[in-house]
Amino acid sequence: RMPKDKKKDKVDREASRDSYDVPGDDDDDDEDTDSSEFVPKAEGDDDVLQTGWLVKGDGRRSWKRRWTVLTRGALFYFEKPKSTEPLGVVALRNFADYSPDSDAETRKPFSFSVETKSRRYNFCAESSGEKQAWLEHIVTLGRLYKCQRDAAE
């Protein structure tokens, strides 16, 4: 087992990388983790905007329920709420686009996708209202980062 401070350092390193494709991001992390609450940090901002269960998938085949934490800088997904190390991170500063209605493509109700510069992430909420809440936060923050990027170029 990795000590807590080393896990936090690893998460901070992951959150500071330009590409948020986490090595080994196959969603099969079965490590039993400490039961203490963990609040991820990204972009130096630890404000948690939303938490809850989303189902994350690769489009049609592999779908797994993930505890999801949205901060101002990133969307983290974990195996369970008490997990201390995320299975993956979606960097909102790399936001490129989104699809609010991926139901036909994924064959899952209440699904949506978020695209970064390098990857597409598919999620499925438990209800239409939850889907709207997640998208409202993610798209608003993603567009702000995208505007900042465009202005800097």
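Residues 24 or more positions apart account for 54% of the contacts in the chain that have a separation of 6 or more, a contact being heavy atoms within 4.5 Å. This is a predicted model, in which local features need pLDDT of at least 70 and side-chain atom pairs count only at pLDDT 80 or more, while totals for chains, interfaces and linings use all residues. Residues are numbered from 1 along each chain as its sequence is written, and side-chain values use heavy atoms, with hydrogens and water left out.

Three helices and seven strands make up the secondary structure, where helices (H or I, at least four residues) and strands (E, at least two) are DSSP runs numbered from the N terminus. Their order from the N terminus is α-β-β-β-β-β-α-β-β-α. Of the 153 residues, 43% count as buried, that is, under 20% relative accessible area with a 1.4 Å probe, protein chains only.

In the largest nonpolar core there are 19 residues, and Leu75, Val90, Phe112, Phe123, Trp134 and Ile138 have the most contacts inside it. Such a core is a set of buried Ala, Val, Leu, Ile, Met, Phe, Trp, Tyr and Cys residues joined through side-chain atoms within 4.5 Å. At least two residues of this core come from each of strand 3 (74-78), strand 6 (111-116), strand 7 (120-124) and helix 3 (128-152); helix 3 gives the largest share, six residues. Apart from this core lies another, of six residues, including Trp67, Val69, Ala74 and Phe78.

Leaving aside neighbours within four places in sequence, leucine 75 touches, among others, Val69, Val90, Phe123, Trp134 and Ile138.

How values were computed
Buried < 20%, exposed > 50% of the residue type's maximum accessible area, 1.4 Å probe, protein only.
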